[in-house]
Amino acid sequence: MIPYNEREVLKLLQEESTQRKGFEMIVAQYSEQLYWQIRRMVLSHEDANDLLQNTFIKAWTNIDYFRAEAKLSTWLYRIALNECLTFLNKQRAMTTVDIDDPEAAIVQKLESDSYFSGDEIQLCLQKALLILPEKQRMVFNLKYYQEMKYEEMSEIFGTSVGALKASYHHAVKKIEKFLEEID
């Protein structure tokens, strides 16, 4: 297989005859990292797979509108994060939850997910992430798991680097507090 080169892929995307090949290279390059980013937001393997598929469908149908002002990965992350937010908002609207423990349904879904192979510590971290507002959770996931630079996140979120650093800092503090309380 040809090594991934974004400039070459962009050239392939510009020609109708090679557009499909270029997009296949994008899917091969970004599927796994996008899957895990989505999975950390929605927790369920099945939901993450569906949202990943939706992300690539939206990217394919809008590929002619990609202006290459940002990296392809930034554009894909933005689509994926928007898909996650839409999904989580719909899920929240459809789910009746216990007022005292709104995350209980999500934790129960995670614990019953046959694809979740984490130990007790990973389950505690996932529970801690659920207490975060969605944007803080997304920023934390991108920084902690993907080791994404704040500048790239700034392009995805359309937010200043300083605001993202503050979001990450607040997320870490909330997670630390949550983990201390369950000890």
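Predicted model: local features only at pLDDT ≥ 70, side-chain atom pairs only at ≥ 80, totals over all residues.
Residues are numbered from 1 along each chain as its sequence is written, and side-chain values use heavy atoms, with hydrogens and water left out.

The structure contains 10 aromatic pairs, where rings of Phe, Tyr and Trp (its six-membered ring) pair if their centres lie within 6.5 Å, and planes under 30 degrees apart count as stacked, over 60 as edge-to-face and the rest as tilted. One of these is formed by Tyr4 and Tyr30, whose ring centres lie 5.6 Å apart with the planes at 85°, so the pair is edge-to-face. Because Tyr4 lies in the segment before α1 (6-14) and Tyr30 in helix α2 (residues 19-42), this pair ties together parts that are 26 residues apart in sequence; helices are DSSP runs (H or I, at least four residues), numbered from the N terminus. Tyr30 counts as buried at 7% relative accessibility, while Tyr4, at 23%, counts as partly exposed (buried means under 20% relative accessible area, exposed over 50%, partly exposed in between, with a 1.4 Å probe and protein chains only).

Ring pairs also join Phe140, Tyr144, Tyr145, Tyr150 and Tyr168 into a cluster. Arg40 lies over the face of Tyr145, at 3.9 Å from the ring centre, and the charged end of Lys143 sits over the ring of Tyr150, 4.5 Å from its centre; the criterion is NZ of Lys or CZ of Arg within 6 Å of the ring centre and within 35 degrees of the ring normal.

Terms used: Helix = DSSP H or I, 4+ residues; strand = E, 2+ residues; numbered from the N terminus.
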